[in-house]
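Have a look at it first, then read on.

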Amino acid sequence: MALRAELAAIDPSRPCDRRAEAAGLGNAPLAREGPVTRLAVRLGRGRTRAVGQGSAGGEGSGDGSAAGPAAAASAGSAAGAFDWDAVADHCRLAYLRGLFLARGSLSLAGGRSHLEFVVGIEEAEPLVVRLASMGLPASSRVRRGRGVVTWKNGDTVGLFLRRIGAGGSLLEVEARQVSRALRGDLNRVLNAESANLQRAVGAAGRQIAAIDELEVDGRLAEQPYVVRLVADARRGTPEATLGELAERLGLHRSAVQRALERVERLALHADEGVGRRGHRSRSVRPRSPRPPAGRALA
């Protein structure tokens, strides 16, 4: 309602714009909205009925009776004939403003912009062509026996509102679009942070379980100093990230990551003795004796 009231409050200064806007209003019933009805009266559409009632009563003066047919003809011509190709752009915008007030609607549900004109089926395609000539491409379809010309692009809707003079309503549309974009960015950031946190919690749980397993079977004490240092730090601060552990221990992040990967790898090979620092003794097989040199074999 605020948008329609804002547009209806515009009073064109050029006579050609007034005629064009009256042509856009057409003969649609406008009594449902006070601002649009008052606009129709200002543009001359309301004079026809008032003058006709005065002359029918027989009490009107000669001047009023003479003015009645002239006012009716002027109103009828303004609302009926409109040569789109022969008028200037400002007249076309005035016509579109009147057409929107009479047959248009704007929806901003869910932060999405949806503007449409509901016209006759035979009027839909010509209107699409006219809008395209103004740099406002639209689509059309048939709904319940009526032609519907639609914009769903927020930029196109904003351009149209700006050009027909809806500055205040345009600010609201743009504010909703910015708010929707910010909510989308915030949701993406929160989802990414949540996924990273879940991965970090899962990794920390696996690492602590591996550290406990290595400590039970005694292999943790056989690991290098850096591995044991990182294992103690991880067990003490399970919520810390790799970067925080590295900063706390004075190590590079890659060194902390390698140490924890080594711990998990050792836990997966509990029966193979992987990672022990002691060298295994080699089993040497005895060689078969060689025959003495120069003796012929039987």
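## A first look

Of the contacts (heavy atoms within 4.5 Å) between residues with a separation of 6 or more, 59% join residues 24 or more positions apart. What you see is a predicted model, where local features need pLDDT of at least 70 and side-chain atom pairs count only at pLDDT 80 or more, while totals for chains, interfaces and linings use all residues. Residues are numbered from 1 along each chain as its sequence is written, and side-chain values use heavy atoms, with hydrogens and water left out.

The protein has 12 helices and 4 strands. Helices (H or I, at least four residues) and strands (E, at least two) are DSSP runs, numbered from the N terminus. Out of 298 residues, 33% count as buried; that word means under 20% relative accessible area, with exposed being over 50% and partly exposed in between (1.4 Å probe, protein chains only).

## How the helices pack

| Helix pair | Angle | Axes apart |
|---|---|---|
| α6 and α7 | about 140 degrees | 13 Å |
| α2 and α3 | about 130 degrees | 10 Å |
| α2 and α6 | about 35 degrees | 7 Å |

Let's start with α6 (residues 89-103) and α7 (residues 121-133). Their angle makes them oblique to each other, a label for whatever is left once under 35 degrees counts as roughly parallel, over 145 as roughly antiparallel and 65 to 115 as roughly perpendicular. Their crossing is left-handed, meaning the near helix is turned anticlockwise from the far one by less than a right angle; clockwise would be right-handed. On the α6 side, Y95, L96, L99 and R103 make the contact, meeting E123, L127, R130 and L131 of α7. Sorted by class, that's 5 nonpolar, no polar and 3 charged residues. In this scheme Ala, Val, Leu, Ile, Met, Phe, Trp, Tyr, Cys and Pro are nonpolar, Asp, Glu, Lys and Arg are charged, and the others, Gly among them, are polar.

Next up, α2 (residues 15-25) and α3 (residues 34-42). This pair is oblique too, and α2 passes α3 in a left-handed crossing. R18, E21 and L25 of α2 touch V36, L39, A40 and R42 of α3.

Then α2 turns up again, passing α6 in a right-handed crossing. Among the residues making this contact are C16, A20 and G24 of α2, and H90, A94 and G98 of α6. The tally here is 10 nonpolar, 3 polar and 3 charged residues.

## Inside the cores

Which residues touch the most other members of the largest nonpolar core? Among its 42 residues, these are F117, L131, W151, F160 and L161. Such a core is a set of buried Ala, Val, Leu, Ile, Met, Phe, Trp, Tyr and Cys residues joined through side-chain atoms within 4.5 Å. Helix α6 gives the most to this core, with 9 residues.

Ignoring neighbours within four places in sequence, L131 is in contact with L96, F117, L136, P137, A138, V149 and W151.

D212 belongs to helix α9 (residues 167-216) and is partly exposed, at 34% relative accessible area. Its C-alpha atom is separated by 9.3 Å from that of A267, 55 residues apart along the chain.

V226 sits in helix α10 (residues 225-236) and is partly exposed as well, at 33%.

Methods
Axes are lines fitted to C-alpha atoms, for helices over the stretch in contact, and angles run from 0 to 180 degrees between N-to-C directions.
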